[in-house]
Amino acid sequence: MTTARRGTKVPARWWLLMCGLTLACCSQEPLTAADSHADMPVPTRASHASFSTMRASGIDVPFRLELKAHVPAELNDVLAFYRRELGKRGWQERPDGAMVVAGRARLVFASPKGPGTLTLDRAKSETTVDLVQRNTEVAAKANFLPIAGHARLIFGYLVPDVASLAINGQTIEIAGGVNHPQTLDLPPGTYSYALLVSGHRVHTDTITVAAGEAWSLSLGDDDKKPDQIY
C-alpha cells in the first residue's frame, strides 16, 4: 500500500519572494576591477579605497606602495578577485607565509617590482583589504636592503653627539642630523631597544623583524611605533 503525505501549503506570494531571493543570490556577478590597467587593482564595488606611498630622499619612484580598501563582499570572493587580477599583472603567489582561515587571509607574492603581500579581514559586513608592493630596485638604491637572512633597522636622531641606541646587547652612538640615517642588520626575532640621550633612557620599545624586511625606528620622545618600510 502506498501512503501519500500531505505537504505544507505555502501561499503563492511567499513562493514568489523565495524565488526572488534565490535569483538575487545566484545572480551576484564576480568582482571586477575598477581600472583594468592599475598596478594595484580595486574592486568596482569597493566602498572605500586609499593609496599611500613611501619615497626615499632624492628618489622619485616609491619603494613601497600600499592599498587599503573596504569591499562589501564575502572574503572568499575578494580573495578570488585578487588572485585573478594580480595573476594578470604578473604577481606569482608563493606558499611561504600564506594563510587562509575563517575570516582572515594572508598571501605572499613575488611581483614584477619586488615582494608583495595581501591581507584580508572581515569587519562588520565588509572585507578589508591591505595590499602592499615593495620595490626592490629602489630600496637597494636607498640602502634599505639588509644582508641575506637578516632585517635592517634604520634610525637617526636630530641632535648629534648626545644620543645612542641600546639593542641586542650593544650600544650604538648616533651621529645625529636629518641626513645621517644609520643602519643595523639583525637576524629575525624580537628585540627590546632603548634610546639614551646624554646617558639617560628616554624611550623603550620592542620590535619583531623577519628576514628581508626594513624598519624605521622613531627615536624621539614620543610613543610612535616602528614603521615597516620594506
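Guide: A residue counts as buried under 20% relative accessible area, as exposed over 50%, and as partly exposed in between. The model discussed here is a predicted one.

Visitor: What makes Phe 63 and Phe 144 an aromatic pair, and why is the pair called edge-to-face?

Guide: A search of the whole structure finds three aromatic pairs. One of them joins Phe 63 and Phe 144, with 4.9 Å between ring centres and 75° between planes. The centres have to lie within 6.5 Å, and planes over 60 degrees apart count as edge-to-face. Both conditions hold at 4.9 Å and 75°, so the name applies.

Visitor: Where in the chain do Phe 63 and Phe 144 sit?

Guide: Phe 63 is in the loop between strand S1 (48-54) and strand S2 (64-71). Phe 144 is in the loop between helix H3 (136-141) and strand S7 (151-155). The pair therefore links distant parts of the chain, 81 residues apart.

Visitor: How do you know whether Phe 63 is buried or exposed, and what about Phe 144?

Guide: Phe 63 has a relative accessible area of 4%, and Phe 144 has 12%. Buried means under 20%, so Phe 63 is buried, and so is Phe 144.

Visitor: Why is the pair of Phe 81 and Tyr 82 called edge-to-face?

Guide: The planes of Phe 81 and Tyr 82 are 90° apart, with 4.8 Å centre to centre. Since over 60 degrees is what edge-to-face requires, the pair qualifies. Phe 81 and Tyr 82 are both buried.

Visitor: What lies over the face of Tyr 230?

Guide: Arg 134 does, at 4.7 Å from the ring centre. The distance limit is 6 Å, and 4.7 Å falls within it.

Visitor: What makes Lys 113 and Asp 39 a salt bridge?

Guide: The closest N and O atoms of Lys 113 and Asp 39 are 3.7 Å apart. The limit is 4 Å, so the pair counts. Lys 113 lies in the loop between strand S4 (104-110) and strand S5 (115-123), and Asp 39 in the loop between helix H1 (12-26) and S1.

Visitor: Why is Lys 113 called partly exposed, and why Asp 39?

Guide: Lys 113 has a relative accessible area of 41%, and Asp 39 has 45%.

Visitor: What makes Arg 94 and Asp 96 a salt bridge, and why is Asp 96 called partly exposed?

Guide: Their closest N and O atoms are 3.5 Å apart, and the limit is 4 Å, so a salt bridge is assigned. Asp 96 has a relative accessible area of 39%. That is between 20% and 50%, so Asp 96 is partly exposed. Arg 94, at 41%, is partly exposed as well.

Methods: Residues are numbered from 1 along each chain as its sequence is written. This is a predicted model: local features need pLDDT of at least 70, side-chain atom pairs count only at pLDDT 80 or more; totals for chains, interfaces and linings use all residues. Side-chain values use heavy atoms; hydrogens and water are left out. Rings of Phe, Tyr and Trp (its six-membered ring) pair if their centres lie within 6.5 Å; planes under 30 degrees apart count as stacked, over 60 as edge-to-face and the rest as tilted. Helices (H or I, at least four residues) and strands (E, at least two) are DSSP runs, numbered from the N terminus. Buried means under 20% relative accessible area, exposed over 50%, partly exposed in between (1.4 Å probe, protein chains only). A charge sits over a ring if NZ of Lys or CZ of Arg is within 6 Å of the ring centre and within 35 degrees of the ring normal. A salt bridge is a side-chain nitrogen of Lys or Arg within 4 Å of a carboxyl oxygen of Asp or Glu.
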